[in-house]
Amino acid sequence: MIKKAMIMAAGVGSRLGLLSDIVPKPLVPLANIPVLDIILKHLSSFGINDVIANTFFKAEYIQSHCVNNNYGINFNYIQENELSGTAGGLKKCQFFFENEDDFIVMSGDGLSDIDINSAYNSHKLSGAIATIVTKEVHHSEVSKYGIIVPDKNGLVKSFQEKPNINEAKSNLANTGIYIFKYEIFNYIPKDTFFDFAKNVFVSLMENNIKINTYNHNGYWSDIGSIEQYKQSNRDILDNLIKCIEPKNLIKLNAGKYIKDENTIISNSSKFEGNSIIGKNCIIGQNSMIKNSILWDNIEVKDNVKINNSIVLPNTIVSTSAENEIIHS
């Protein structure tokens, strides 16, 4: 089976705004767990213990966090001086995959419970140099994604980049999860900005080299925007992701929330909807937390209501807020 993986972790994550000012996108917490931790644990569960990541934005955060991980992962990394694209980043990691037949590439900001063994079996049976993992999305959402159009055998027939709803030939989104043969490196030049979707896959198609697709029927989310970040947290609380079991989940009549360690919540405070409370937080008397995410080291003063908001670390909240990103 697959023994090695690459995680694409170099992106800036500008659409997450203030969140990625604090940590790089792959370390943004979901239900108090950094995204990269979820990915590493998932890889380890399939026996993939050798992992490399390309880093760039806030690289030292990712490097220090992942080298000493708790998942038995031998974590390696390269640090890019300038972004080189999704495929260009992989090319710089070529040394790591020598003597490997097949390997998996995953996005550092993707949340998925993909069955890697099943995807790998599809890849091997196809005999293709590359397998793109797809996910069916609602037809109204196709303009947000790179769309894959497969033939009757599951091989890529064409690509559509964020097509209009009326022009979309498929509703299968590219998840940014790939399985490659080592030969893929023959199609990625050195020291060149190169993308999988715009360059590598186009080149393969032009040379009549087949690309397999594997449709993932489980959970997948691209945590690229504030709204999707909120939704992914709600999905974890609703147990929609097989590989994540929410810890310290407290269910109430009006909703549920997660409370991390060393957090003090007053008896008179109330919760509605789905919320997440980080470490070392204090929730004051007669406060209300509704559909919100509080990172670590937050103090919510008495009589404060927080609704549909994100509170960033080391913040004291003394006035009520709705639909905000709150920071000190």
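Is glutamate 80 buried or exposed? Glutamate 80 counts as buried, at 3% relative accessibility; buried means under 20% relative accessible area, exposed over 50% and partly exposed in between, using a 1.4 Å probe and protein chains only. Before going on, please note that this is a predicted model, where local features need pLDDT of at least 70, side-chain atom pairs count only at pLDDT 80 or more, and totals for chains, interfaces and linings use all residues. Residues are numbered from 1 along each chain as its sequence is written, and side-chain values use heavy atoms, leaving out hydrogens and water.

Glutamate 80 has a salt-bridge partner in lysine 92, with the closest N and O atoms 3.2 Å apart. (A salt bridge is a side-chain nitrogen of Lys or Arg within 4 Å of a carboxyl oxygen of Asp or Glu.) Lysine 92 sits in the loop between helix H4 (85-91) and E6, and glutamate 80 in the loop between strand E5 (74-79) and H4, so the pair ties together parts 12 residues apart in sequence; helices (H or I, at least four residues) and strands (E, at least two) are DSSP runs numbered from the N terminus. Lysine 92 itself is partly exposed, at 35%.

By this rule there are 9 salt bridges. Another joins lysine 279 and aspartate 260 at 3.4 Å, N to O.
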